[in-house]
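Look at the sequence and the 3D structure below. The report that follows takes the parts of the fold one after another.

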Amino acid sequence: MLNFEIPNMSCGHCVRAITEAVHQADPAAQVQVDLPQHRVQVDTVVARDAVVARLVEAGYTPA
Ligand SMILES: [Cu+2]
């Protein structure tokens, strides 16, 4: 389980973009988003760095 804090995640569009970015790293990943807390929990078999790389590409750099 990976946990990220993503400060610039602010709306439903961000949630969709982040979920898509995670799924580029692992299509089978389970993504749970807490929008008010700016937190994303990812249940995945891939390495944290691989997920971070996709998030950064999408414009959402974890804190
Ligand atoms: Cu947004």
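## Basis of the model

This is a predicted model, in which local features need pLDDT of at least 70, side-chain atom pairs count only at pLDDT 80 or more, and totals for chains, interfaces and linings use all residues. Residues are numbered from 1 along each chain as its sequence is written.

Helices (H or I, at least four residues) and strands (E, at least two) are DSSP runs, numbered from the N terminus.

## The sheet

Strands of a sheet pair through backbone hydrogen bonds, either parallel or antiparallel. Here, two strands are said to pair if DSSP finds at least two bridges between them. The order in this open sheet of three strands is β1-β3-β2, and the pairing is antiparallel. Because β1 and β2 stand at the edges with a single partner strand each, one side of each has no neighbour in the sheet. On average, neighbouring strands are turned by 15° against each other, direction ignored.

Strand β1 (residues 2–5) is joined to β3 by four bridges, and Phe4 stands opposite Val40 in β3. Between strand β2 (residues 30–34) and β3 there are five bridges. Across this pair, Val31 has Val42 as its bridge partner, while Gln32 stands opposite Gln41. The hairpin of β2 and β3 has four residues between the strands, and His38 takes a positive phi near 60° there.

## The two faces of β3

In a regular strand the side chains alternate between the two faces of the sheet. In strand β3 (residues 39–43), Val40 and Val42 belong to the covered face. Arg39, Gln41 and Asp43 belong to the uncovered face.

## The two helices

Two packed helices are described by the angle between their axes and the distance between the axes. Axes are lines fitted to C-alpha atoms, for helices over the stretch in contact, and angles run from 0 to 180 degrees between N-to-C directions. The axes of helix α1 (residues 12–25) and helix α2 (residues 48–57) come within 8 Å and cross at roughly 140°. α1 and α2 are therefore oblique to each other; angles under 35 degrees count as roughly parallel, over 145 as roughly antiparallel, 65 to 115 as roughly perpendicular and the rest as oblique.

Two residues are in contact if their C-beta atoms, placed from the backbone, lie within 7 Å. On the α1 side, Ile18, Ala21, Val22, Gln24 and Ala25 meet Ala50, Val51, Arg54, Leu55 and Glu57 in α2.

Terms used
A residue is buried if 20 or more other C-beta atoms lie within 10 Å of its own, exposed if 12 or fewer, and partly exposed in between; C-beta atoms are placed from the backbone.
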